Amino acid sequence: MRCAYYESGTCRSCTLLEVPHARQVADKQAALERLVAGAAPAADVDWLAPLVSAEQGFRAKAKMVVGGTVDAPTLGILDDAGRGVDLRGCPLYPAPITDALPVLAEFIARARLEPYDVPARRGELKHVLVTAAPDGALMVRLVLRSTEAHTRIVKHLPWLQERLPALAVASLNILPAHAAVLEGDREIVLTERASLPLDLGEVILHARPRSFLQTNTAIARELYAQVAQWVGESAPRTVWDLYCGVGGFALHCRAPGRTVVGVESSAEAVESARLSAGDDASVAFVADDAFRWARGQEAVADAIVVNPPRRGIGDLAPWLEATDARHVVYSSCNALSLAHDLAAMPSLVPVRGRLLDMFPHTTHYEAVVLLERR
């Protein structure tokens, strides 16, 4: 992939851009295999071929820092001095997002939204967050320090909807603190629709503004299918999807005669999952801490899927080791924490694994392993 921003030194976020894509994937596969072998030295893992992403246009979410001025805003990142660097043409984003960014910049000027000046701690608009569904529909979130601009934004929203016909959901997120975080706890939905449908073929996921979504939708679709296949092979009567997010794994693992429960600490994500499930009584979603909920159950599910944040599953690992859980599928965005957790579950042995090229041109990747009790 060629990138003018990288070649000019404007942005070096894609740290592996000069490494051929095939070499990136091979190096990640080798690193993953070393980590798993170190954590479970007796395991004989059947490694499936990596699921390889497109090299560009794969990021379904744009997290753009706003800089510059009201009349000339930048959407991208900040430099070392805290000044805005415009990256509207970043080749990682698909056309629905790149086509929307100039319109959103014009909207910022039209609604007189003052970009937040980090060094001076002055201004209102911190981030513009854009999510694209597979059909091109968009969710746009404006992260502001306060509701001061709410009335102006509502006034000019019809203009934005006319210029962006694909806009399905628009919202304001309020983040008063001067802090290096992406969003705050308060969300104000401005459109009639409050969720963005993502058609993944087998399942339609409904994403609400503060719900976690996988960055690379095409690879996420393959990940869900892979996990559903592995879970289905043991014909479980009961399945738990712990750290379930918006319910992707749980909803893909449904089958006649099977009961599925998804557990997620984010109430917003659980609302999204319940919306996606509709009136299907075979799947239920619970807003709770995964470990607290699991240890409170009378019996362990026949199959368990875990998809934790980067820190891993923590105390859940030794708890699973002490149970009679037979099959666990572990999906991880951090192979270091995956290896740490595998070492805490020596009776649950990795038998199959797969690397997912979720984040090309960076050192990050997704991995999924099937564990069986020995």
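Which residues does Leu342 touch, not counting residues up to four places away in sequence? Leu342 touches Val36, Ala39, Pro350 and Leu371, where contact means heavy atoms within 4.5 Å.

This is a predicted model, in which local features need pLDDT of at least 70, side-chain atom pairs count only at pLDDT 80 or more, and totals for chains, interfaces and linings use all residues. Residues are numbered from 1 along each chain as its sequence is written, and side-chain values use heavy atoms, with hydrogens and water left out.

Stay with Leu342 for a moment. Leu342 lies in helix H10, residues 335-343. Helices (H or I, at least four residues) and strands (E, at least two) are DSSP runs, numbered from the N terminus. Leu342 counts as buried because its relative accessibility is 2%. Buried means under 20% relative accessible area, exposed over 50%, and partly exposed in between, with a 1.4 Å probe and protein chains only.

Now turn to the sheet. Seven strands form an open sheet with mixed pairing, in the order E4-E3-E2-E5-E6-E7-E8. Two strands pair if DSSP finds at least two bridges between them. Strands E4 (84-86) and E8 (186-189) stand at the edges. Each has a single partner strand, so one side of each is left without a neighbour in the sheet. From one strand to the next, the twist averages 40°.

Look at one pair within it. Strand E6 (residues 138-144) and strand E7 (residues 167-174) run in the parallel sense, joined over seven bridges. Here Leu138 stands opposite Leu167 in E7.

Helices pack on this sheet too. Helix H3 (residues 95-110) touches strands E2 (61-68), E3 (73-78), E5 (125-132) and E6, and its direction makes about 150° with that of E5. Helix H4 (residues 150-163) touches E6, E7 and E8, and its direction makes about 160° with that of E7. For these angles, axes are lines fitted to C-alpha atoms, for helices over the stretch in contact, and angles run from 0 to 180 degrees between N-to-C directions.

What of the interior? The largest nonpolar core has 46 residues. Such a core is a set of buried Ala, Val, Leu, Ile, Met, Phe, Trp, Tyr and Cys residues joined through side-chain atoms within 4.5 Å. Among those touching the most other members are Leu104, Val128 and Leu142. H3 gives the largest share of this core, eight residues. Leu142 has contacts including Phe107, Ile153 and Leu172. A second, separate core of 44 residues includes Leu200, Val203, Val270 and Ala277.
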